[in-house]
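User: Hey, I'm new to this one. Can you walk me through it?
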Amino acid sequence: MTDTRVWKLPETAPSPVEFAQAWSRVVTSAADVLRASADAATKPATALPFDPASPIRAFSAFATHMLTNPAQALQVQQQAAADMVKLWSSAATRASGGTPEPLIAPERGDRRFNDPAWSEEPVFDYLKQAYLLATKRMVEMVESAEGLDPATRTQMLFYTQQSLHALSPANFPLTNPEAIRRAIDTGSVSLISGLANLLADAAAQPGIVQRRASKEFELGVDIAATPGSVVYQNELMQLIQYAPTTDQVYRRPVLYVPPLVNKYYLLDLQPKSSLMRWLVEQGHTVFVVSWINPGANLADMDMADYIKLGPVAALDAIEQATGERVVDLFGFCMGGTLGAMAAAYLAGRGEGERIASVTTIGSLFDFAELGQWATFSDPEQLKAMERHLEQKGFMAAQDLQALFSAVRANDLIWSSVVSHYLLDREAPPSDILYWFADGAHIPRAFLLSYATQLLRDNKLREAGGVTIDGVPLDLGACRSPLMAISLKDDHVSAWGATYDSARLWGGPKTFLLGGSGHNAGVINPPSANKHGFWTNSDLPDTAEDWFEGATRNEGSWWPHWQGWLGKDQEQVPARVPGDGALAALEPAPGSYVRMKG
């Protein structure tokens, strides 16, 4: 059994040199913080990209509501008191030699309390259960508050959960048994080095803790390494064509449109898990849009520009490269939304036949149910964002990363706080987290048009609600088949909302539900045989009814989708990048993906 005794003395004391080096790092990092602060003070102040008063307003509104409903507040207090009495009784039973059943356990996937001491040591077991019980009651209090308006409830749930995540006993050196053990084993060097890491992050000013991995990946070598060439580029994107690995390929090329928030290579991570490489191996000619990392010089590029210079321009380039006018289009998250808008734009111009099929993965057309993301689309938040964008010209990658990290704070923020600040340990290498940290900016005009027309006003669901160059977009007028793929545990695009979105499409519709979450559920090669997926040829009115009639299938959804893509297609000789009318400009992954902010 693992030794969980937090008081065990180390066998050897740290060397004076090691101790001195740790303190030297602290002093050096502290000096860097002072220099960075002085440098920041000389620069013009930039408006914050968010409204700092939003949490105060939400908590004030909730407190006022509870004060006018004292019965609800009293009920919550009584439930919390009853929980504590039961926990005290359980602790007393354990102190007298008993083995009581825990009153509460961490939810599935909560790794904060994995260390055995959280269960085997009575003090830490008590701390853990007291925290989990308090967390449960706090969230229930917000969820069950009668008469609370939906906007305040959404904001309160988000801010309450953020506060509770931060207050976890796992995040503090005196209440984390693993941190205590490591501090004893290292003679406190781990805490001193952790302080140096904290100060280094403060000096770098990334906004959140920087993940320190034991291995870095290299673009084009062990990540984003599927062979191919850039065959076209404009001011917003490069178009990559991958090299074939089969003698014959399907006639219709496949075009992937990624979101703007991160680089395209989520679907081309390490070769063993690359969807791009796998599609090529199945005999598809695959093209990928690789967005530029924009600066203030592209501030005026809006949603219409990205659609015309993105997927629409890519279609024209693909026709030049292959001679094929008809293409299968697919996109992930925001990229799927943009791809569907491009299809609607072409349909409105009478060119809808150029899109043979559309596949969306975790994408929304109907933004009525944003969940916790609605916290950032209230009027004051949008005003703050607009002030920031007008001043800076773009939303910086680190600000976007901080936002997405906050939505999964335990996994993307606090786990790194514990590893790097309390334990002074490097994180294991992770291709998906390397990709997550390699973010991209979003131009002012695009983000404002997307946030107001789609997120706030939900105009895309209305026929003609959004126009591009005078062409009204009507998803209901699109006649191409749609495969809408969603992920069951998606924290970004709730699968029920993506189901409602798919029903807005005018052509034949197929809905598929994959297992796991927003990113991990997409990276699901057949060789891994994980997660499973659900299918149902019917499309009833509600997502719940669809799921009730769905059949669960084992393994990856990739082969199922590929069978749908390749159905009734003829084969043609393989196409090599550069052999068509477009010359190969540079090897994949190209130069745009390497651009840093």
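Predicted model: local features only at pLDDT ≥ 70, side-chain atom pairs only at ≥ 80, totals over all residues.

User: OK, so is D366 buried or exposed?
Analyst: D366 has a relative accessible area of 9%, so it counts as buried.

User: And which side chain does D366 meet in a salt bridge?
Analyst: That's R461, with 2.6 Å from N to O. The two sit in distant parts of the chain, 95 residues apart: R461 in the loop between α16 and β10, D366 in the loop between β7 and α12. R461 is partly exposed, at 41% relative accessibility.

User: How many salt bridges does the count come to?
Analyst: 34 salt bridges. One of them pairs D83 with R137, where the closest N and O atoms are 2.7 Å apart. D83 is in helix α3 and R137 in helix α5, so this pair ties together parts 54 residues apart in sequence. D83 is buried at 8%, and R137 is buried too, at 17%.

User: Switching topic: how do α5 and α6 cross?
Analyst: Their axes come within 9 Å and cross at roughly 170 degrees. Angles over 145 count as roughly antiparallel, and that is therefore how α5 and α6 run relative to each other.

User: Which residues meet there?
Analyst: Among them are Y131, M138 and V142 in α5, and M156, L157 and L164 in α6. By class, the contact has 7 nonpolar, 4 polar and 2 charged residues.

Conventions:
Residues numbered from 1 in each chain as written. Heavy atoms only, no water. Axes fitted to C-alpha atoms, helices over the stretch in contact; angles between N-to-C directions. Helix = DSSP H or I, 4+ residues; strand = E, 2+ residues; numbered from the N terminus. Parallel < 35°, antiparallel > 145°, perpendicular 65-115°, else oblique. Contact = heavy atoms within 4.5 Å. Nonpolar A, V, L, I, M, F, W, Y, C, P; charged D, E, K, R; others polar. Salt bridge = Lys/Arg side-chain N within 4 Å of Asp/Glu carboxyl O. Buried < 20%, exposed > 50% of the residue type's maximum accessible area, 1.4 Å probe, protein only.
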